[in-house]
Each structure stands twice: as C-alpha cells, then as structure tokens.
Amino acid sequence: MTAPAKTTEFHATPRVEKGTIEPNPINLSEDAVHALVPELDAHLASLFVMFHQYQKHHWLVEGPSFMEIHEQLEAYYDEVHEDLDAIAERMTALGGIPTSAPMEQAMLAYISHEPEGIFSMRDMLKRDRFYEGLIAERLRATITVAQQHEDYGTSHLLEEVLEHCEERAHHLDHYLGEDTLYKE
Ligand SMILES: [Fe+2]
C-alpha cells in the first residue's frame, strides 16, 4: 500500500540537524552523552511501541474480565507514556534530540509493532509480557553504561522505568497463569 500524497507541505530547514548532540549544562563528558543518547532514544522508541500496543489491547479486550483488564491496560499505557516522556526530557538534558516521528521511532525500536488484526487475548498479553522482558534486559544494560560514565541521574531514572516494566511483566504473568477457581 502506498502512502497517500499529502495535500499540504510546510518547508523549513532544521535549526539543529538530526543526530546532533549539543553541549550539556550538567557537565557530563562527551563520552558519556555519546554513549547514552542513542540508547535512550532506542528506549524511547521502544516504549512508544509498547504504548501503542497497550492502547490497542485496551481497545480490543473481550471476555468475562473485560472491565478489569481494559482499565489495567489503560493504567499501563499511561505509565509507559509518563516514563517515555521522562526519558525524552533526559535526552534533552544530555544535549540530544529525541526521535519524534512515529515511523522513525518504529525503525529505531528494538521491538516491533504487533501486526494489525485481533489476536486472542492470551496471545496479546503474552506478547506484552515478552516485550516487557526484552525492555527490562535492555534497560539493565543501559543502567550499567550510565553508571560506568558516572551518569547517576540517568541511572536513577532508568531504574524507576525498569521497576515499572518489571512490575507490569510480573502482573501480566499472573494474568496468564493457568490456575482457576472454575470447576474442571
Ligand atoms: Fe480508552
């Protein structure tokens, strides 16, 4: 499918080019920001994928636990959005430019959007749990890089993001548990 032609275009030149890392006011070394800005951008992009995924699953949830899961998934996409916003703002403190366009983010993310269509509720939640696990692994790796560069601010922020991610994965795991009170 080809994208429809846009009827309006606004032409302007960026004041600061994509990929630029400007000097930071918090005295982090150039090595630190060059190591961390791309990693933060990949987390930002991947959390946006997670945000869209939870929103989709919030829309499509069905079944006897509809309302509870519908509301829980809304709480998840709200939490993910707050966290990705904090990561983008940290990138600007480090002198970086957060990738903002959804198509660019999708290319940069280390997880993929679920294909369109409705999957079973179990498969949708299984995918969410799987991705949360991957995000947790990547966050831990970046926390290590931040600490190696004495960027404790980024480390602290990502530790909070990691805790949220681990808690979501843990709760999804419980939703997916096999035990039941229904009579066999
Ligand atoms: Fe809603």
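The model is predicted, and its chain holds 5 helices and 0 strands, which follow one another along the sequence in the pattern α-α-α-α-α. Of the 184 residues in the chain, 28% are buried, and among the contacts with a separation of 6 or more, 76% join residues 24 or more positions apart.

**Packing of α1 with α2**

- The axes of α1 and α2 lie 9 Å apart and pack at an angle of about 160°, an angle over 145 degrees, and the two helices are therefore roughly antiparallel to each other.
- In this pairing α1 passes α2 in a left-handed crossing, and the residues of the contact divide into 16 nonpolar, 6 polar and 4 charged.

**Packing of α1 with α4**

- Helix α1 (residues 30-60) and helix α4 (residues 121-148) have axes that come within 11 Å and cross at roughly 165°, so that α1 and α4 are roughly antiparallel to each other.
- The crossing in which α1 passes α4 is left-handed.
- On the α1 side the contact is formed by A35, L36, E39, H43, S46, M50, Q53, Y54 and H57, which meet M124, D128, Y131, I135, R138, L139, T142, V145 and A146 in α4.
- Sorted by class, the contact of α1 with α4 comprises 10 nonpolar, 5 polar and 3 charged residues.

**Packing of α2 with α5**

- The axes of helix α2 (residues 66-93) and helix α5 (residues 152-175) come within 11 Å, with a crossing angle of roughly 165°, which makes α2 roughly antiparallel to α5.
- Here α2 passes α5 in a left-handed crossing, and the contact is made by Y76, E79, D83, A86, I87 and R90 of α2 together with T154, L157, V161, H164 and R168 of α5.
- The residues of this contact between α2 and α5 fall into 5 nonpolar, 2 polar and 4 charged.

**Helix α5 and its buried residues**

- Helix α5 has 24 residues and reaches 34 Å from its first C-alpha to its last, which is close to the 34 Å expected at 1.5 Å a residue.
- The buried residues of α5 are T154, L157, L158, V161, C165, R168 and L172, and these buried residues pack against α1, α2 and α4.
- Among the buried residues of α5 are T154, L157, V161 and R168, and T154, L157, V161 and R168 also take part in the contact with α2.

**Residues with positive phi**

- Most residues other than glycine have a negative phi.
- N27 has a positive phi of about 55° although it is not a glycine, and N27 lies in the segment before α1.
- With 7 other C-beta atoms within 10 Å, N27 is exposed, because a residue with 12 or fewer such neighbours is classed in that way.
- E150, which is likewise not a glycine, has a positive phi of about 60° and is found in the loop between α4 and α5.
- E150 has 11 C-beta neighbours inside 10 Å and therefore also counts as exposed.

Notes:
Residues are numbered from 1 along each chain as its sequence is written. This is a predicted model: local features need pLDDT of at least 70, side-chain atom pairs count only at pLDDT 80 or more; totals for chains, interfaces and linings use all residues. Axes are lines fitted to C-alpha atoms, for helices over the stretch in contact, and angles run from 0 to 180 degrees between N-to-C directions. Helices (H or I, at least four residues) and strands (E, at least two) are DSSP runs, numbered from the N terminus. Angles under 35 degrees count as roughly parallel, over 145 as roughly antiparallel, 65 to 115 as roughly perpendicular and the rest as oblique. A crossing is left-handed if the near helix is turned anticlockwise from the far one by less than a right angle, and right-handed if clockwise. Two residues are in contact if their C-beta atoms, placed from the backbone, lie within 7 Å. Ala, Val, Leu, Ile, Met, Phe, Trp, Tyr, Cys and Pro count as nonpolar, Asp, Glu, Lys and Arg as charged, and the others, Gly among them, as polar. The expected span of a helix is 1.5 Å times one less than its number of residues. A residue is buried if 20 or more other C-beta atoms lie within 10 Å of its own, exposed if 12 or fewer, and partly exposed in between; C-beta atoms are placed from the backbone.
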